[in-house]
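Here are my notes on the model you sent. They are set out as numbered points, to be read beside the coordinates.

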Amino acid sequence: MIFRQISTCTFFMLHSDRHPDISVIIAVYNAERFLRGCLDAVTAQTLENIEIICVNDGSTDGSQQILEEYAGRDGRIRLIRQSNAGAGCARNTGMACARGDYLSFLDADDVFHPDMLRRALCHARKADADLCIFRSCQHSEKTGLEQETPWTLKVHLLPDCQPFSPEDAAPSLFQFCMGWAWDKLFRTEWIRKEGIRFPELRNSEDMFFVFTALFKAKRICWLDDVLVTQRTDVGTSLSNSRNKAPFCFYDCLVMLRKELEKAGCWIAYESSYVDWVLEFTSWNIKTLDVRARQQVRERLRREGLRELGIEQAVRNGHYNRKWETSVENIFGICSSLRNDPIIKEGMNPGWRRLRESMFSVRREGWMKLVRVFGFRFRLIRKKKLMADWDGLTNRVTEMQSRTVDWQKAVQEDQEKLMSRASLVEESCHEAEMRVGQLQHALSELEDEHRTDRAAIRLHQERMAAIECHAERLEQIVVQDCKDVRNAAEKIRAEVNLLYKHLAYPEHGRKQRDAWALMSYNYAGDDYYDCDCVNLGDYIQSLAARQYLPNIDAFIPRDEIAYYSGRPVNMIMNGWWWVCPGVDELSERITPLFVAYHVNNPEKLTSSMLAYLKRNEPVGCRDLSTQKILLSHGIKAYFSGCMTLTLGRNRQWKGGNGRILCCDFDLSDDTPLARYLHETLGEAYNLHDVDSCTQLTALETSQEERFGAAESLLDQYRQASLVLTTRIHCALPCLGMGVPVILVVPRYDHLRFDGLVDLLNRVVLHEDGRIESHLCLQHDTAGSDAQVRNPEDYRIYRDLLEDRLRTAFPCMGCVVPNAGESA
């Protein structure tokens with residue numbers, strides 16, 4: 001078998017660990033002409049605590065060089081490159097890695113006013129708003145003039161209060177502002193919770209995003225100030241692609257209608273939606289060329305009313321009357337026919353369209369009939385043919401005179417060609433003689449080169465042998481490095497074990513006749529404010545249960561200081577100082593401190609430290625706890641977790657061929673999920689996985705919780721690979737031999753130091769780096785790599801068992817079956 005270690009990978013590097021107030025997302029595509037002005041305006045903002053995410057959407061000009069230049073000067077700028085997929089996809093990419101409290105979007109050819117982000121942020125936070133809207137103005141590149149745009153925010157349509165809800169502005173929800181993303185500020189947590197994203201279309205994607213956010217928001221505020229300048233008449237803008245994709249606006253309107261129906265808001269906002277469909281459709285058709293305009297109009301007349309959900313409203317005239325002409329031109333429905341007694345409600349759609357066409361002809365009068373039958377067309381065509389005939393006659397005369405000139409020129413060219421042909425014949429004769437001489441010289445050179453080729457072939461064979469030998473030496477060196485690294489890890493663990501035996505020799509202690517096991521009530525004022533049970537606690541108790549000859553009492557962790565029952569021995573693993581005023585355990589408990597964890601160092605009192613001092617040495621679950629206790633003069637050593645011993649009676653059988661995700665969603669678009677897909681996608685099917693959770697209902701009994709913990713362990717053992725964010729899922733899997741990867745979205749030194757070194761792990765650091773340590777194995781055929789567990793944990797497992805047997809000689813003689821309930 002061949003083993004290799006995957007090196008640390010880095011997706012991106014931030015220059016600051018400070019949490020930003022706003023994430024400014026800039027989609028860049030061939031914008032080198034205006035990009036410097038855009039970046040200067042953002043970096044010069046009076047609000048300095050921001051991050052600037054620039055997504056290069058496959059630019060082919062000098063935009064990438066400009067972005068790298070500014071990123072080198074300003075540590076707040078983060079660069080992302082992707083192949084060209086449109087502004088919507090670029091903004092989604094930026095949103096996925098944004099860390100700010102609020103999101104701000106900016107096109108690469110637009111400009112923020114210097115105080116824009118600070119003022120918008122202050123107003124949004126003061127109103128506790130999900131969405132903040134402000135005014136903008138336009139700068140024309142053709143005229144160089146700047147003009148006001150009061151229609152971008154129609155204050156007279158807004159409610160009198162701030163902040164307001166969408167229901168307060170229901171009649172004009174889609175009319176009081178524009179569907180642009182760059183003149184608004186969005187709360188990041190709310191956008192992610194609602195799952196609002198830009199459609200990956202070539203245009204109109206910001207309209208869908210903005211209006212979906214409008215009707216889903218709880219609190220909306222606005223500023224009656226101009227804070228953004230939009231450039232117009234720019235040929236390279238991301239929005240000038242309508243003729244290439246003329247149906248994008250239509251698809252966005254259909255998606256908006258479906259979102260309204262899905263959210264149960266259709267009835268409340270139908271009137272505003274219908275008026276917006278007519279306005280937006282009319283404007284889009286005017287911006288298209290003739291061919292695209294005809295395609296869009298045909299589709300709208302064929303299926304637009306039904307798919308857009310406005311058929312009943314349009315046919316009944318339930319819309320703003322200023323769109324009468326648009327309804328007639330776009331959908332072919334005449335407003336004068338609505339009150340005609342022949343066109344009745346409930347009529348068959350086919351008959352209705354036929355009668356509408358007939359009455360449309362009657363209404364437009366005789367001029368339309370003349371055009372239909374072609375009278376006017378033939379008259380115009382006759383006049384044009386007569387004019388064309390006169391032009392053709394003149395053209396023929398001109399061509400005849402030019403033909404005579406061409407004939408004379410051809411005769412002159414023939415004479416010149418004859419003279420040149422004689423010269424060519426003489427040159428060919430001389431060339432033939434020269435060719436003969438060259439062929440003779442070539443034959444001599446071939447004899448010489450034949451000898452040289454034999455020498456070159458011998459040299460190549462020698463080089464191939466040297467390269468083969470070098471490859472074998474490289475494989476040997478790599479394997480030696482791996483062996484040295486593994487040996488170093490084992491030596492470190494053995495030194496720790498030796499240090500424990502030499503520095504803290506264990507002696508048998510006073511042993512009582514009864515035994516107790518820890519349980520959990522999840523109560524108390526100083527405990528977690530939770531409404532569920534973490535089965536990881538019960539899995540630790542199951543690990544301790546293996547070594548108890550019998551169980552005479554279950555003592556809840558929350559009441560461990562007040563126990564007044566029969567004197568008992570008890571394994572004190574995990575953490576347990578969670579009740580106020582508790583400085584030591586009940587005197588009726590003889591404790592054995594192994595796998596002990598200090599979860600809150602600030603709450604360690606002198607009484608607690610004195611109690612630990614009386615019961616030293618203390619086996620610590622993590623290196624942070626060991627360091628804390630040693631700093632207070634308490635003998636402590638690193639023992640690992642009790643769950644490392646679960647493999648004694650619960651061994652993995654090879655798995656069912658499927659991946660199990662415990663409290664981790666592999667389908668999320670996060671850096672960790674993307675990294676695992678890239679690393680393991682060839683060896684495992686990551687698109688069809690099983691899932692589970694370590695949490696269960698608080699209302700369950702202790703027996704039900706222990707039973708659920710046993711079932712969870714069985715579920716781990718059936719998987720071929722486990723991906724989890726839970727340390728008390730990863731460590732039991734390691735102990736039972738189940739291949740496991742610990743996924744750490746946020747590294748906690750207090751909980752993880754020392755433990756993660758025993759595991760396969762993928763860690764996302766605060767600066768955005770992804771650190772991975774995975775043990776992969778290949779078979780001799782070189783097939784896809786499979787995950788295997790490191791084996792250093794065995795030394796700490798043996799240390800734990802030795803500690804238990806030494807402290808209580810009768811402990812460890814009874815090990816229940818894996819399926820036996822606690």
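1. Which residues of helix 1 (residues 35-43) are buried? They are Leu35, Cys38, Leu39, Ala41 and Val42. These residues share one side of helix 1, because they cover an arc of only 160° around its axis. Please keep in mind throughout that this is a predicted model.

2. The cover over that side comes from several elements. Strand 3 (22-28) and strand 4 (50-57) are among those that cover the buried residues of helix 1. Helix 2 (63-73), strand 6 (102-107) and strand 7 (111-112) are also included in the cover.

3. Asn30 belongs to the loop between strand 3 and helix 1. Its phi is positive, about 50°, although Asn30 is not a glycine. Most residues other than glycine have a negative phi. Is Asn30 buried or exposed? With a relative accessible area of 18%, Asn30 is buried, since the cut-off for that class is under 20%.

4. Ser204 is a residue other than glycine with a positive phi, near 65°. Ser204 is found in the loop that runs between helix 5 (188-194) and helix 6 (205-216). The relative accessible area of Ser204 is 6%, so Ser204 counts as buried.

5. On the peptide bonds: most peptide bonds are trans. Which residues does a cis peptide bond with omega of about -5° join? The bond in question joins Gln162 and Pro163. Pro163 sits in the loop between strand 9 (146-148) and strand 10 (184-187).

6. Another cis bond deserves a look. The peptide bond from Glu616 to Pro617 is cis, and its omega is near 0°. Pro617 is part of the loop between helix 16 (606-614) and strand 17 (618-620).

7. Helix 16 also contains Arg614. Arg614 has a relative accessibility of 52% and therefore counts as exposed, the cut-off being over 50%. Along the chain, Arg614 and Ile634 are 20 residues apart, and their C-alpha atoms are separated by 9.0 Å.

8. At what angle do helix 19 (residues 702-718) and helix 20 (residues 727-736) pack? The angle is about 60°, and the axes are 10 Å apart. That angle makes helix 19 oblique to helix 20, because the roughly perpendicular class starts at 65 degrees. The crossing of helix 19 past helix 20 is right-handed.

9. The residues behind that packing can be listed. Helix 19 makes the contact through Leu713, Tyr716 and Arg717, while helix 20 contributes Cys729, Pro732, Cys733 and Met736. By class, the contact of helix 19 with helix 20 has six nonpolar residues, one charged residue and no polar residues.

10. Some totals, for the record. The protein has 22 helices and 27 strands. Of its 822 residues, 47% are buried. Where contacts join residues at least 6 apart in sequence, 74% of these contacts are between residues at least 24 apart.

How values were computed
Residues numbered from 1 in each chain as written. Predicted model: local features only at pLDDT ≥ 70, side-chain atom pairs only at ≥ 80, totals over all residues. Heavy atoms only, no water. Buried < 20%, exposed > 50% of the residue type's maximum accessible area, 1.4 Å probe, protein only. Helix = DSSP H or I, 4+ residues; strand = E, 2+ residues; numbered from the N terminus. Arc of directions from axis to C-beta. Contact = heavy atoms within 4.5 Å. Axes fitted to C-alpha atoms, helices over the stretch in contact; angles between N-to-C directions. Parallel < 35°, antiparallel > 145°, perpendicular 65-115°, else oblique. Left-handed = near helix turned anticlockwise from the far one by under 90°. Nonpolar A, V, L, I, M, F, W, Y, C, P; charged D, E, K, R; others polar.
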